[in-house]
Amino acid sequence: MKKILVWDWPVRLGHWLMVGGFCIAWLTGDSETFRLVHVAAGATVLGVATFRLPWGFIGTRYARFVDFVRGPTAVKDYLGSLLKLEPTPHVGHNPAGGWAIVLLLGLGILTGFAGWAIYNDIGGHTLEELHEGLAAAMLTVVFVHLAGVLSGSLLHGENLVRAMLTGRKQGSVESAIPSARPLAAVLLLAWVAAAGWFIAS
Ligand code: HEM
């Protein structure tokens, strides 16, 4: 076992942009003064989440949905191993974490589009309520996600937060991805900027 490259650049950059975007959007949600900041932060979440969908099909091995979106049996088995405090190791996302990721991406897209509609005076009060409800649901999943990351890090004895920064985790050499795909990360930045322009205009 060695430190091998697992997370490509779009996954890592997208993740931390999403963290920043979500936190800022949450903190500025009720403020008139920071309305534009809120819109830009929400657009960042929307941009990252919509980029992540195609990347889940054409990205590197562990970025692909087929690698981590698993059926109920795999989720149950993983949670069972977690409860026994001996979680089955996974080079990429584990089957339970995979569903939290799907939820976060889906909620990010729905919340972002609802926000865009509200900003364009579509949907009225009902959509505002929905937007807030979706954001609250997302915050709940974020807490579950953080609990999973913390417990996973402790039980696997591996700092998963650092892995999301460096892209490297413990694994066999043949499990490594061949490239971090930095050019795709530049595309991600362009896409996020385009989402900001689309929402604000
Ligand atoms: C400071 C807070 C956070 C930390 C430390 C953190 C940490 C992590 C880590 C370590 C992973 C990889 C998990 C694994 O090894 O399988 C991950 C994945 C992920 N996290 Fe977070 N997370 C945070 C907040 C958030 C927030 C606020 C969101 C969304 C609003 C989010 C969305 C995601 C997504 C979508 C993935 C999957 C990445 C991908 O495959 O593209 N995270 N996070």
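**Note on helix geometry and the ligand shell**

1. In H2, a kink of about 25 degrees lies at Arg 52, shortly before the proline Pro 54. The bend at a residue is the angle between axes fitted to the seven residues ending there and the seven starting there. Helices are DSSP runs (H or I, at least four residues) numbered from the N terminus.

2. This is a predicted model: local features need pLDDT of at least 70, side-chain atom pairs count only at pLDDT 80 or more, and totals for chains, interfaces and linings use all residues. Residues are numbered from 1 along each chain as its sequence is written.

3. Helix H4 (residues 72-83) and H5 have axes, lines fitted to C-alpha atoms over the stretch in contact, that come within 7 Å and cross at roughly 120 degrees (angles run from 0 to 180 degrees between N-to-C directions).

4. On the H4 side, Ala 74, Val 75, Tyr 78 and Leu 79 meet Pro 95, Ala 96 and Trp 99 of H5; contact requires C-beta atoms, placed from the backbone, within 7 Å. By class, this contact has seven nonpolar, no polar and no charged residues. Ala, Val, Leu, Ile, Met, Phe, Trp, Tyr, Cys and Pro count as nonpolar, Asp, Glu, Lys and Arg as charged, and the others, Gly among them, as polar.

5. The ligand is surrounded by 20 residues (C-beta atom, placed from the backbone, within 6 Å). H1 gives the most to this shell, with six residues. By class, the shell has 14 nonpolar, five polar and one charged residues.

Conventions:
Helices (H or I, at least four residues) and strands (E, at least two) are DSSP runs, numbered from the N terminus. Two residues are in contact if their C-beta atoms, placed from the backbone, lie within 7 Å.
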